[in-house]
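Colleague: I've got the sequence and the model open next to each other. Walk me through it, please, one question at a time.

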Amino acid sequence: MTEATKLAEMTKDQLIKIVDQLQDEKKEQAKKDNASVYERLSKVDVSKFVDKKNGLNYLSWAKAWGLVKSIFPDASYKLREYPYYTQTADGNYQQIGTHDYLRTEYGVEVEASVTIKGETYSSKLYVMDFHNRALDPKKVTYFEINKTQMRALTKALAFAGLGLNIYAGEDLPSSEEKTPQRKERVTEQELIEKARKSKTQYGGGNELVTDIVGLEIDGDKQANAFLNQWCEKDQKNKNLYKFIIKNQLATHGMKVGA
């Protein structure tokens, strides 16, 4: 009896059961394939390909892509295309093309994606300066956009498993024998001690922040104005100020108007 004859003699329920079984097997195989991508890439030791830049580990896109292609020759990547529009005479907007970047009021966004064995991994990035701050969108050049696109590609590859340890701040890739351990978290008491010792320039001297906060609480307008500006300068300053207030660490031994 041929396979075609066997199928012809089956009931509808039997055929549905076979189709469901095949779909389940396909899904299970897809899970195994996806797992194997991460398992293989996460075990690649990229330390020999890492460069140092501004004191940080850096894996170039060319080396990262070369490593992936050597393991998965069918891997492919693409840059996201964003539509752009022009306003017509009647006031409506009409799409006239695409750009591989998006200018927004906050900066210039790009996105790169890589597909390996049917699974797609992507990463979005803003064009940033060396302090990881988004550049003025009006001043960004295509050279900077292209560099950021390649960084986004490298990060997408990290999501797939390659060099993920670099983004996690570790030196070695994961393995079955040894998994990198995270550093122990700082205790709350250590944070309190650090806050009590923190100083900043104020009133012509290097003063404890807890003293300045104490002046503000006591009604000193100069301290209040200073702390408002100080917190706006840096998010870390703002976080320290909130921590001092929350934990009632303000001290009151400093002369008003210092």
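Modeller: When I say two residues touch or are in contact, I mean heavy atoms within 4.5 Å. This is a predicted model, where local features need pLDDT of at least 70, side-chain atom pairs count only at pLDDT 80 or more, and totals for chains, interfaces and linings use all residues. Residues are numbered from 1 along each chain as its sequence is written, and side-chain values use heavy atoms, leaving out hydrogens and water.

Colleague: Let's zoom in on V46. Which residues does V46 touch, beyond those up to four places away in sequence?

Modeller: V46 sits in the loop between helix 2 and strand 1 (51-53). With a relative accessible area of 2%, V46 is buried. Leaving out residues up to four places away, V46 touches L59, L67, L162, G163 and I166.

Colleague: What separates the C-alpha atoms of V46 and L162?

Modeller: Along the chain, V46 and L162 are 116 residues apart.

Colleague: Which residues have the most contacts inside the largest nonpolar core?

Modeller: A nonpolar core is a set of buried Ala, Val, Leu, Ile, Met, Phe, Trp, Tyr and Cys residues joined through side-chain atoms within 4.5 Å. The largest one has 30 residues, and those with the most contacts inside it are L41, V68, V114, I116 and L162.

Colleague: Which element gives that core its largest share?

Modeller: The elements giving two or more residues to the core are helix 2 (12-42), helix 3 (61-71), strand 7 (108-116), strand 8 (119-126) and helix 4 (142-159). The largest share, 6 residues, comes from helix 4.

Colleague: What phi does K117 have?

Modeller: K117 lies in the loop between strand 7 and strand 8. K117 is partly exposed, with a relative accessible area of 44%. Although K117 is not a glycine, its phi is positive, about 50°.

Colleague: And what is the phi of Q248 near?

Modeller: Q248 is in the segment after helix 9, and it is exposed, with a relative accessible area of 71%. Q248 is a residue other than glycine with a positive phi, near 55°.

Colleague: On to helix packing. Are helix 7 and helix 8 oblique or parallel to each other?

Modeller: Axes are lines fitted to C-alpha atoms, for helices over the stretch in contact, and angles run from 0 to 180 degrees between N-to-C directions. The axes of helix 7 (residues 209-217) and helix 8 (residues 221-233) come within 8 Å and cross at roughly 125°. Under 35 degrees counts as roughly parallel, over 145 as roughly antiparallel, 65 to 115 as roughly perpendicular and the rest as oblique. Helix 7 and helix 8 are therefore oblique.

Colleague: Which residues of helix 9 does helix 7 meet?

Modeller: The axes of helix 7 and helix 9 come within 11 Å and cross at roughly 65°, so the two are roughly perpendicular to each other. From helix 7, the residues involved are V209, T210, V213, E216 and I217. In helix 9, they meet L240, Y241, I244 and I245.

Colleague: Last one: at what angle do helix 6 and helix 9 pack?

Modeller: E188, L191, I192 and A195 in helix 6 meet L240, F243 and I244 in helix 9. The axes of helix 6 (residues 188-197) and helix 9 (residues 235-246) are 11 Å apart, and the angle is about 110°.

Technical notes: Helix = DSSP H or I, 4+ residues; strand = E, 2+ residues; numbered from the N terminus. Buried < 20%, exposed > 50% of the residue type's maximum accessible area, 1.4 Å probe, protein only.
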